[in-house]
Amino acid sequence: MYTSKPLNILLVDDDPDAHLLVGDIFATSERRHILRHARDGKEALDYLLRRGNYRKSGQAPRPDLILLDRRMPNMDGDQLCGRLRADVSLKNIPIIM
């Protein structure tokens, strides 16, 4: 999946420090990846499902990669991963847990 363009990455984690750390890492990277944030599985799933409504405006591109925490409130990483793999339009997005 190598490409020279910046990747759209969705970070799903309930720890605010993780968002700051990963954000700092990507902000200083050479390719300036685009990092979007979700605090739990429900918020991530909502973003992923409604992003189709914004495709034409370019506000919510499909993630190229999902960085996913396993232990979160509301919907944990395992539950979200199962939902993504069951959805034909989302099942091919790479996930790192």
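1. In this predicted model, Asp46 and Arg50 both belong to helix H2 and stand four residues apart, about one turn of the helix. Their side chains meet in a salt bridge with an N to O distance of 3.1 Å. An α-helix has 3.6 residues a turn, so residues three or four places apart point the same way. Asp46 is partly exposed, at a relative accessible area of 42%, and Arg50 is partly exposed as well, at 33%.

2. A search of the whole structure finds three salt bridges.

3. Asp40 deserves a separate comment. This residue sits in the loop between strand S2 (34–38) and H2, and it is buried yet has no salt bridge, the nearest side chain of opposite charge being that of Arg39, 6.0 Å away. Leaving aside neighbours within four places in sequence, Asp40 is in contact with Val12, Met72, Pro73, Asn74 and Met75.

4. Turning to helix H3 (residues 77–86), its buried residues are Gly77, Leu80, Cys81 and Leu84. These residues cover an arc of only 100° around the axis, which means that they lie on the same side of H3. What covers them includes strand S1 (8–12), helix H2 (41–50), strand S3 (65–68) and strand S4 (95–96). At the N-terminal end, H3 is capped by Asp76, a side-chain oxygen of which lies 3.1 Å from the backbone nitrogen of Asp78.

5. The largest nonpolar core has 17 residues, and those with the most contacts inside it are Leu10, Val12, Leu48, Ile66, Leu68, Leu80 and Leu84. S1, H2, S3 and H3 each supply at least two residues of this core, and the largest share, four residues, comes from H2. A second, separate core of eight residues includes Ile9, Phe26, Leu65 and Leu67.

6. Val12, one of the residues with the most contacts inside the largest core, touches, beyond its neighbours within four places in sequence, a set of residues including Ala44, Ile66, Leu68 and Leu80, and also Asp40.

Note on methods
Residues are numbered from 1 along each chain as its sequence is written. This is a predicted model: local features need pLDDT of at least 70, side-chain atom pairs count only at pLDDT 80 or more; totals for chains, interfaces and linings use all residues. Side-chain values use heavy atoms; hydrogens and water are left out. Buried means under 20% relative accessible area, exposed over 50%, partly exposed in between (1.4 Å probe, protein chains only). The arc is that of the directions from the helix axis to the C-beta atoms. Contact means heavy atoms within 4.5 Å. A polar contact is a pair of N or O atoms within 3.5 Å; within protein, one must be able to donate a hydrogen and the other to accept it, and residues adjacent in sequence count only if both atoms are side-chain atoms. A nonpolar core is a set of buried Ala, Val, Leu, Ile, Met, Phe, Trp, Tyr and Cys residues joined through side-chain atoms within 4.5 Å. Lys and Arg count as positive and Asp and Glu as negative; His and the chain ends are not counted. A salt bridge is a side-chain nitrogen of Lys or Arg within 4 Å of a carboxyl oxygen of Asp or Glu.
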